Amino acid sequence: MSLHVITPTIRSTALSQRAGLDVFLKLENVQPCGSFKLRGVGHACSALHAKGARRFVSSSGGNAGYAVAYAGRQLGVPVTVVVPETTSEKAKALIQSEGAQVVVHGGSWQDANAHAQALLDAASAFIHPFDHPLLWEGHASMIDELATQCAKPDVIVCSVGGGGLLAGVGEGLLRNGWGDVGILAMETEGTASYAAALAQGAPVELPAVSGVATSLGARRVCERAVGLARELEVRSLVLSDAAAVEGCADLLDAHRLLTEPACGASIAGLDGVRRHFPDARSAVVIVCGGVGVTAEQLQTWRKPASGQGRPGAA
Ligand SMILES: *Cc1c(COP(=O)(O)O)cnc(C)c1O
């Protein structure tokens with residue numbers, strides 16, 4: 001049995017009118033952990049548990065770590081998540097709410113990750129946030145579902161952090177005979193590791209990442225994401241933080257769905273579909289979701305961009 005749920009695909013009249021395309025939304029935000037991550041993580045954890053893993057270790061304080069915690073509890077396997085000191089109390093509490101042990105170690109993700117690797121023994125499995133074939137195979141199930149829910153779209157719009165989602169979408173397209181569907185790969189200016197990799201033809205390490213789309217903040221993408229761009233029609237689009245935040249606001253207004261800027265980038269990317277794929281008539285946005293957001297936080301992010309014209313705003 002899979003740990004993720006089948007998610008709805010809905011047509012968006014509001015976003016279709018704006019983009020001048022038939023727009024559908026694949027609602028991964030309704031997964032029990034709030035993001036698509038559970039597809040790949042659940043698949044990987046199930047497979048590794050069947051092979052004898054008796055503990056899962058993660059070094060993500062974000063949606064991936066939360067998904068590992070959830071998957072571990074469902075499978076009855078203890079989970080340890082090592083996070084750096086910079087991880088918010090809220091993120092730690094969320095991971096602990098699934099019964100996982102949170103270990104705080106070091107000032108950066110690199111420190112936390114090194115500690116996580118040192119904790120591994122023969123009975124435990126490390127669950128990477130984006131770079132593993134089992135993750136891609138699990139993420140690909142969203143395209144299997146999509147193929148039963150709507151006609152073949154011309155373009156899929158999805159966000160790129162470390163490229164696990166993109167690799168899964170690509171694998172899903174290929175295994176469903178949808179290899180001619182284009183992919184618009186969305187990033188923000190502070191997290192554009194995929195744009196840099198495509199320009200270089202190979203993954204490159206960014207000196208730093210920044211901005212509000214923290215779930216896209218992998219300094220280096222996985223090889224597979226770059227390889228896919230040679231097999232499929234992939235275009236990269238990089239937007240400002242403000243545009244990603246407006247994407248969140250647009251999705252909230254149109255469908256009353258709250259998502260992270262990592263996901264808002266893909267909503268905002270709809271405006272670029274016609275530019276990158278001039279013949280496109282339809283697009284599916286992977287609404288990747290994310291739990292690192294509240295209504296209040298979204299308001300705060302919006303303030304610099306829309307400080308005027310909001311009567312009563314302090
Ligand atoms: C992880 C994540 C991404 C990026 O996925 P990658 O596999 O790292 O490319 C995008 N959006 C959300 C909400 C995520 O949690």
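These legends accompany several close-up views of a predicted model. Local features need pLDDT of at least 70 and side-chain atom pairs count only at pLDDT 80 or more, while totals for chains, interfaces and linings use all residues. Residues are numbered from 1 along each chain as its sequence is written, and side-chain values use heavy atoms, with hydrogens and water left out.

**View A. The largest nonpolar core.** A nonpolar core here is a set of buried Ala, Val, Leu, Ile, Met, Phe, Trp, Tyr and Cys residues joined through side-chain atoms within 4.5 Å; buried means under 20% relative accessible area, exposed over 50% and partly exposed in between, with a 1.4 Å probe and protein chains only. The largest core holds 83 residues, and those touching the most other members are Leu25, Phe56, Ile156, Val169, Leu173, Tyr194 and Leu270. Helix H3 (residues 63-75) supplies the largest share of this core, 6 residues; helices are DSSP runs of H or I with at least four residues, numbered from the N terminus. A second, separate core of 5 residues has Val82, Val103, Ala112 and Ala116 among its members.

**View B. Ile156 and helix H8.** Contact means heavy atoms within 4.5 Å. Beyond its neighbours within four places in sequence, Ile156 is in contact with residues including Val169, Leu173, Val181 and Ile286. Val169 and Leu173 are also among the buried residues of H8. That helix (residues 164-175) is mostly covered, with 9 of its 12 residues buried. Just after H8 comes Gly177, with a positive phi of about 70°.

**View C. Helices H9 and H10 crossing.** Take a look at H9 (residues 193-200) and H10 (residues 223-231), whose axes come within 10 Å and cross at roughly 55°. Axes are lines fitted to C-alpha atoms, for helices over the stretch in contact, and angles run from 0 to 180 degrees between N-to-C directions. The pair is therefore oblique, the class left after under 35 degrees (roughly parallel), over 145 (roughly antiparallel) and 65 to 115 (roughly perpendicular). Tyr194, Ala197 and Leu198 of H9 meet Ala225, Val226 and Ala229 of H10.

View D. The axes of H11 and H12 come within 6 Å and cross at roughly 85°, which makes H11 roughly perpendicular to H12. Residues making the contact include Ala244, Gly247 and Leu251 of H11 and Gly264 and Ala268 of H12. In the loop between H11 (241-255) and H12 (261-269) you will find Arg256. Its phi is near 60°, a positive value in a residue other than glycine. Arg256 counts as exposed because its relative accessibility is 63%.

Note on methods. Helix = DSSP H or I, 4+ residues; strand = E, 2+ residues; numbered from the N terminus.
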